[in-house]
Amino acid sequence: MRRWIAWFLLVLLPVLAHAAQVQASLDRSQVQLGETVTLNLRVEGGGLAQAPDLSALGSDFEVLGRSSNTSVSIANGQRSMQFTIGIALRPTHAGQLTIPPLDFAGGHTQPLTLTVTPPDARAAANSGKAVFLEAGAQPTTVRVGQQLLFTVRLYFAGSLSSGSLEDPRLPGIDARRLGDDLDYDVVRGGRAYHVIERRYALIPQHAGTMDIPPLQFQGELIDPTDPDSFFAMGTPATAASPAVSIDVQPVPAKWGSSAWLPARALSLTLEGIPADGKARVGQPLDLAMTLQATGLPYEALPALSLPDLKGATVYPDKPVTGTRSDGQWLIGRRQQNFAVVPSQVGTLTIPAITLKWWNVQSGQAEEARIAAHTLTVLPAAAGSAAPAASAPAPASSAPATVAVATPATAGSGRAPAWRVLVLVAVAVLLLGGALAAWWIWRRRVHPDAGAVVSATPSHRALRLAFLAAARGSDAAAQSHALLAWARAERPGLAGLGALGEALASVAQREAVEALQRRRFAADASEAAPDLASAFRQGFQWREPPTGEEPPLPPLYPFKLR
């Protein structure tokens, strides 16, 4: 049995190592000499891993400590695990320091660069205080609508029993918190301080001089050398950050009527074009257009669309939007899916698509471009006038059977019984080992992220199947395809009647009623409803009643040590 288990582990471990993805990142790209920085090493899709050999860092850094964390997330129904090792480093000298590639969890991390500046002479004045605030902006000259990074740092010696720091609130400025607070240690003037760093994305909406007033901190400081601190008798502490001035320049005079998009980077892509350049009449093409910009939220990005195509009908899906951050800059993203249904044989041309934007790093206008594509449209496949067979069967239908092809055995004889038993035993052992590993992994981790609802490939496939069925004349197939697509968004729908009651659009409800009459009425002479047009923009659902109030913000937003 031990030999079987050892053999199983030897087979399984290379698979796990191959599935793991490693990456390295720094919590800050620039620090002052005397401050600490955290090197985060992450394993995506793998299990626990040991910290790598850090001897290559000895000439530039001092290793202060290590920590580890395991997290599990669920996105689009897929569970993923991430293991992170945090390594606290203190630079030993100023300059451009490089963290070389490290061997970690069977992979190699990418090299990282850290800028270490000499201590700020202005900060020396605060080195004798128990609590003080610093604030700064990067850059200090921006265009209207351009994001700037505003950073506030709270320094305190000892510990805080409580504390609150107000957020910047200015008229005409969109202010957003970037990630969680950073927590690290520094030495100023020979005195050790704990630092809590908070970052904001500020987006000015008007040109002119923007003055960010001082931010106020109030809290209670506990001195560990004070005997009264044992009874949590803290000393009230207050601090204010220095004022920061920002020069906001207007949109360039010769910009024109194009949407103003000041970004650090921008990309525009179109996916789903057939690799062989061919399409068929009546068979939908699933195209996905994606616009992503660094330094802009998704609200600032224009809506995506395809032009009218000669010889095809375009059905846009619901857009998928979101904004994330890399710790310094907002990253806005828009994705728009289109079902393009060719209607005639010949050629189908998707013209070039361009988008003008302003590169804030170079100070120049640039153009994102999707090249034109020409497809050859072939006649519809034989017997596919109503391609509803691809639509999922209704819930009440019997499960489909799957035929499995096996090699012919005539004249070959049966395999020896002992060989069959060995193969069965190996299969049972592998299955049992996999189930045991899964059970142990599930017991050790605690998922804390809910499922994210988005436009998954299965959802798009159901939509495309409905569009294909809508071009035919089979009312039953149209009903099944429409209900399957709807259940991808509202799983609890019992049937078409429940679907009609859940819709807010009058046109969509009438289309569902017409489909029901055409399918079940004795007189089937009623004209078929234009289902594709009615549901071209997706489902328009009634808003569910909500009586819950949003949670209150925390009284003390800072993490206390």
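Modeller: A polar contact is a pair of N or O atoms within 3.5 Å; within protein, one must be able to donate a hydrogen and the other to accept it, and residues adjacent in sequence count only if both atoms are side-chain atoms. This is a predicted model, in which local features need pLDDT of at least 70 and side-chain atom pairs count only at pLDDT 80 or more, while totals for chains, interfaces and linings use all residues. Residues are numbered from 1 along each chain as its sequence is written, and side-chain values use heavy atoms, with hydrogens and water left out.

Biologist: What makes Asp 474 a cap of the N-terminal end of H4?

Modeller: A side-chain oxygen of Asp 474 lies 3.1 Å from the backbone nitrogen of Ala 476, and the limit for such a pair is 3.5 Å. Helices are DSSP runs of H or I with at least four residues, numbered from the N terminus, and H4 covers residues 475–489, which is 15 residues.

Biologist: Why is Gln 478 called buried?

Modeller: Buried means under 20% relative accessible area (1.4 Å probe, protein chains only), whereas exposed means over 50% and partly exposed lies in between. Gln 478, with a relative accessible area of 3%, is therefore buried.

Biologist: Which backbone oxygen lies 3.3 Å from a polar atom of the side chain of Gln 478?

Modeller: That oxygen belongs to Ala 469. Contact means heavy atoms within 4.5 Å, and, not counting residues up to four places away in sequence, Gln 478 touches residues including Phe 466, Ala 469, Leu 515 and Arg 518.

Definitions and conventions
Helices (H or I, at least four residues) and strands (E, at least two) are DSSP runs, numbered from the N terminus. The expected span of a helix is 1.5 Å times one less than its number of residues.
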